[in-house]
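Let's take a friendly walk through a protein model, one topic at a time. Keep the picture open as you read.

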Amino acid sequence: MRRKDQMSTVIIVESEDEKRVQQLKEFIIDPNVQKLLFKEEEDIRVLWTDPWEGIREYVGTEHRQNWQRVQSESPSPFPMMASDLTTSIRMLDEILKKDPSIAVIANVTKQEMANAISTALLNWSCHPALIENLSTVFVITPDSALFDEYTRHACIIVSPPYSTEDERKELLSKIAKEFKLRYDKILIEASQGMTLHDLESAVLSSIHRKNAIELDAITETKMELIRKRGYELVYPRYTWKNIGGYGTLKTFLQENVINIIRDDVARKWGVGANRGILLFGPPGTGKTLMGKVMAKELGLPFIQVSAESIFRSFVGETERAVKTLTRVVEENAPCIAFIDEIDQLALRRDAVVSTDSGVGRRAQNLLMTYLGDDERRSIVVGATNTPEQLDEAFIRAGRFDAKIPLLWPDSEARAEIIKVHTSITRNIPLKGVDLDKLAAKTLLWSGAEIELLCTTAARVARAKGAEEVTMAHFDAALSDLVINPEQRMDDLKKFVAQAKRFTSSTQLLEDQVKEFVKREKAVGKDRLQALKEAMGVE
Ligand SMILES: Nc1ncnc2c1ncn2[C@@H]1O[C@H](COP(=O)(O)OP(=O)(O)OP(=O)(O)O)[C@@H](O)[C@H]1O
Ligand SMILES: [Mg+2]
């Protein structure tokens with residue numbers, strides 16, 4: 001926490017943990033620390049400013065600690081008012097420039113508070129008087145992005161971890177010993193991103209309920225924390241068996257992502273799994289579903305982010321949203337961050353509309369930096385319908401290593417999707433339904449459309465009071481849901497051509513295309529021929 005080589009007198013501490021605040025409080029009144037920071041003989045003033053309470057000064061001696069109010073007039077009964085803070089800042093300014101001092105501005109939780117102090121921070125950060133008398137300012141905020149770019153550059157930003165590995169280990173061992181229980185070492189890493197307080201309550205509640213210290217309790221609490229920070233959280237329920245078909249793709253993901261993450265040998269070699277996976281394909285082909293299932297199969301928390309929710313209209317807000325996102329994700333790593341409709345954040349430079357003031361660009365750069373960060377521990381899965389619109393730089397290897405196409409389901413997959421939506425994900429009793437026949441009638445339908453076919457057939461059946469769903473009900477549903485086959489064939493042609501250019505796994509695409517054609521015998525000679533042409537297969 002020393003000022004190090006960076007020349008700034010202002011240090012922004014990013015934390016909202018009361019324990020860390022307390023540590024800072026003890027740190028600055030420690031005479032040894034003061035000796036280290038200042039020339040020994042000096043009298044050092046230590047001030048603590050809180051927008052809620054005004055300024056207090058430490059007048060403690062070795063025997064008694066005491067924080068005394070400095071401000072003559074008490075702040076207004078509405079402590080969040082920026083004007084009060086401005087008054088405090090003016091007083092601080094005088095003191096800092098006159099006497100060697102340490103000042104802390106705590107609890108900067110709101111935008112208007114940050115605005116009220118940022119000019120002062122800029123001024124202090126390079127002011128000769130402060131540099132001369134070694135005065136130092138600490139600002140405590142939950143989110144340094146409340147400050148604009150210039151202020152952030154002028155200050156030193158430190159983000160103390162919510163808890164360190166040692167602290168968590170110590171706590172876990174202490175509780176385990178107290179209750180005479182054992183705990184899996186994996187918990188130490190799994191609880192990263194939690195404060196000790198959160199960890200303690202998670203562990204105690206696990207002991208209370210199960211008389212054991214279980215990983216589930218920690219994952220649950222972590223998910224709760226992520227939700228509190230404003231992210232949509234999904235507790236994935238579905239596993240591979242809830243995805244009909246796509247066997248080749250499932251195997252690929254299982255072998256190349258899931259197994260590698262768990263592979264100790266790969267870890268020893270310094271080879272991690274793909275940490276950036278882009279799923280692309282037409283609407284309704286199960287990209288979101290695939291992302292969720294991967295999280296479930298990995299047993300990792302799944303943070304769902306829609307690009308739209310990150311994209312805000314105010315200058316700086318998108319940037320801040322991206323920054324908070326990357327922080328939350330990284331703190332909770334290992335986890336899967338699923339960014340749906342990632343094209344909204346990764347538009348090609350020439351595709352950005354002229355009214356964009358560069359806000360999106362900066363946010364995009366931040367996200368790119370994060371994606372390319374060697375130290376990143378999260379797995380980012382992005383999904384898009386329109387890969388051709390994505391910025392090349394955004395999706396290059398190192399950011400998204402795996403670019404995986406999702407085709408429309410082949411005939412085997414279609415039959416399986418019907419099975420999934422009638423007997424696995426749902427309970428729809430069927431009678432005399434020929435799945436292969438239905439598969440032949442739904443060439444180039446998406447998984448979502450086939451799901452709709454199943455639910456429509458079930459509704460038709462119930463409308464007629466039937467206890468089981470029959471082929472006749474499916475036929476009625478089929479005539480209801482019209483999909484233009486020529487249009488689809490056209491879309492397929494375009495998609496396959498694009499996927500060939502775009503995918504990182506040519507082999508996977510080729511296998512899928514071959515398999516697809518091989519399985520479509522039942523659709524008739526002409527359509528099979530059209531299909532082969534569209535997919536570029538002999
Ligand atoms: N292979 C499949 N097996 C079972 N269900 C599927 C399959 N593919 C799609 N579905 C069903 O379709 C629904 C919609 O799929 P999903 O939202 O994952 O598609 P998507 O590719 O993300 O679409 P979009 O591009 O519109 O976001 C899923 O919730 C699921 O019920
Ligand atoms: Mg989707």
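This is a predicted model: local features need pLDDT of at least 70, side-chain atom pairs count only at pLDDT 80 or more; totals for chains, interfaces and linings use all residues.

To begin, a term you will need: two strands pair if DSSP finds at least two bridges between them. Strands of a sheet pair through backbone hydrogen bonds, either parallel or antiparallel.

**The seven-stranded sheet**

- Seven strands form an open sheet with mixed pairing, in the order β4-β3-β2-β5-β6-β1-β7.
- At the edges are β4 (67–69) and β7 (156–158), each of which pairs on one side only.
- From one strand to the next, the twist averages 25°.

- Strand β5 covers residues 101–105, and five of its five residues are buried.
- Which residues of β5 lie on each side? Ser101, Ala103 and Ile105 are on one side, while Ile102 and Val104 are on the other, and both faces are covered.
- Strand β2 (residues 45–50) runs parallel to β5, and five bridges join the two.
- Strand β6 (residues 136–141) also pairs with β5 in the parallel sense, over four bridges.
- Within that pairing, Ala103 has Val137 in β6 as its bridge partner.
- β6 pairs with strand β1 (residues 10–14) too, in the parallel sense and over five bridges.
- Here Val13 stands opposite Ile140 in β6.

- Strand β9 (residues 276–280) is mostly covered, with five of its five residues buried.
- One side of β9 carries Gly276, Leu278 and Phe280, the other carries Ile277 and Leu279, and all of these are buried.
- How many bridges link β9 to strand β12 (residues 379–384)? There are five, and the pairing is parallel.
- Leu279 has Ala383 as its bridge partner in β12.
- β9 pairs with strand β13 (residues 402–405) as well, in the parallel sense over four bridges.
- For Leu278, the bridge partner in β13 is Lys403.

**Surroundings of the ligand**

- Ligand 1 is surrounded by 20 residues, and the closest are Gly286, Lys287, Thr288, Gly447 and Ala448.
- The elements giving two or more residues to this shell are α13 (287–298), α18 (411–424) and α20 (447–463).
- Sorted by class, the shell has nine nonpolar, nine polar and two charged residues.

- The crossing of α11 past α13 is right-handed.

**Two residues with positive phi**

- Asn211 is not a glycine, although its phi is positive, at about 55°.
- You will find Asn211 in the loop between α9 (196–210) and α10 (215–228).
- Is Asn211 buried or exposed? Asn211 counts as exposed because it has 10 C-beta neighbours inside 10 Å, and the cut-off for exposed is 12 or fewer.
- Glu341 is another residue other than glycine with a positive phi, in this case near 50°.
- The loop that holds Glu341 lies between β11 (336–340) and α16 (359–372).
- Glu341 is buried because 20 other C-beta atoms lie within 10 Å, and the cut-off for buried is 20 or more.

Definitions and conventions: Residues are numbered from 1 along each chain as its sequence is written. Chains are lettered from A and ligands numbered from 1 in the order in which they are written. A residue is near a molecule or strand if its C-beta atom, placed from the backbone, lies within 6 Å of it. Ala, Val, Leu, Ile, Met, Phe, Trp, Tyr, Cys and Pro count as nonpolar, Asp, Glu, Lys and Arg as charged, and the others, Gly among them, as polar. A crossing is left-handed if the near helix is turned anticlockwise from the far one by less than a right angle, and right-handed if clockwise. Axes are lines fitted to C-alpha atoms, for helices over the stretch in contact, and angles run from 0 to 180 degrees between N-to-C directions.
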